[in-house]
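Here are my notes for your first look at this model. Keep the structure open as you read.

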Amino acid sequence: MRALIDKLARGHDLTAEEYTRLISGFDAGLSDFLFEKARAVRERYYGKDVYIRGLIEFTSYCKNNCLYCGLRCGNRNAQRYRLTKEEILDCCDSGYALGFRTFVLQGGEDPYFTDERMLDIISAVKTRYPDCALTLSIGEKSRESYQAFFDAGADRYLLRHETANDEHYALLHPAEMSPRNRKRCLRDLKDIGYQVGCGFMVGSPGQTAAHLAEDLLFIRELRPQMVGIGPFISQHDTPFADKPGGTLELTLFLLGLLRLTLPYVLLPATTALGTIHPLGREKGILAGANVVMPNLSPVSVRKKYLLYDNKICTGDEAAECRNCLQQRMKAIGYQVVVSRGDCCTNPSRKKNQDEI
């Protein structure tokens with residue numbers, strides 16, 4: 001098994017069967033071996049830098065009815081809200097003062113936010129903060145919409161593919177949602193010129209090691225700039241309320257495999273990791289991740305954006321989140337930096353970033 005990790009670390013591709021063997025048979029010893037390799041590759045490209053993204057959850061409305069998500073339209077108990085353009089800009093103002101140089105506008109697929117409204121928001125953010133990267137995470141759109149957002153100044157787009165296996169996708173989503181369309185969106189985004197992020201849940205209902213191998217092969221073929229993965233955590237008002245969650249150990253192992261599969265990739269240690277373990281985000285960084293995403297949303301709405309149960313940091317001010325993560329990263333030998341944190345495909349690239 002270590003030979004397979006060595007093969008991956010040397011830049012060779014693995015087959016679906018080899019990935020499946022690794023995922024099915026990993027243990028603590030193999031994980032430690034993988035994490036050592038992953039950290040070496042991560043530091044070759046990014047040193048000890050950890051990039052921060054300012055997450056702004058601007059709408060909790062969603063037209064979709066995904067079976068795992070607390071924002072699903074069928075959840076009549078969800079508390080809905082929408083931030084105004086002025087409130088979004090206030091979040092950016094606070095974040096910029098705290099050292100954030102990437103803002104992530106994330107929300108459900110909310111029909112209220114038409115292309116016209118989104119273009120107004122994108123233009124306003126980029127006009128006020130032209131030195132910052134703007135990331136959108138607002139779901140499936142037409143190629144024309146993606147192009148318009150890009151032309152207005154959006155730099156990046158996050159769209160988790162959730163699973164690369166069609167049958168598994170159908171288990172997690174309503175019939176009107178298509179894995180083919182989700183992948184079409186990702187390829188359109190790449191073709192337009194966005195820095196693209198995809199990703200999946202670890203331990204979602206019905207998932208197998210073979211499904212995860214398919215995910216890794218799809219990601220290798222897509223070659224995104226970012227991959228966001230986190231453990232599946234159930235939400236009490238969904239059909240999957242009683243399903244077991246994903247594990248810390250498997251999520252960390254997959255982070256390590258992703259770092260070796262795409263050495264340059266931007267890899268977050270997600271809030272979901274921190275939710276299932278008090279040191280989850282630190283462990284994610286030590287497994288090969290290099291991004292954290294503190295929340296800049298107003299505290300008054302944080303508890304209304306509950307994709308899953310027991311989400312951490314819903315009561316913390318933005319400054320508290322940033323300072324907490326800065327200290328957490330410092331404690332494990334890494335530093336949060338003031339930077340857009342663009343994807344680095346050249347490991348010899350010299351950085352010019354100021355430490356916070």
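1. Start with charge. The protein has 47 positive and 44 negative charges, and their mean positions are 3 Å apart. Lys and Arg count as positive, Asp and Glu as negative; His and the chain ends are not counted. Each charge is placed at NZ of Lys, CZ of Arg, CG of Asp or CD of Glu.

2. Know your source. This is a predicted model, in which local features need pLDDT of at least 70 and side-chain atom pairs pLDDT 80 or more, while totals for chains, interfaces and linings use all residues. Residues are numbered from 1 along each chain as its sequence is written, and side-chain values use heavy atoms, without hydrogens and water.

3. Now the fold. The protein has 14 helices and ten strands. These are DSSP runs, numbered from the N terminus: helices are H or I, at least four residues, and strands are E, at least two. The C-alpha atoms fill a box of roughly 55 × 50 × 40 Å along the principal axes.

4. Look inside. Of the 356 residues, 57% are buried (under 20% relative accessible area; exposed is over 50%, partly exposed in between; 1.4 Å probe, protein chains only).

5. Zoom in on one residue. K190 sits in helix α8, residues 179-192.

6. Check the neighbours of K190. Beyond four places in sequence, K190 is in contact (heavy atoms within 4.5 Å) with V196, L222, R223, P224 and Q225. Y157 is 33 residues from K190 in sequence and 9.2 Å away in space, C-alpha to C-alpha.
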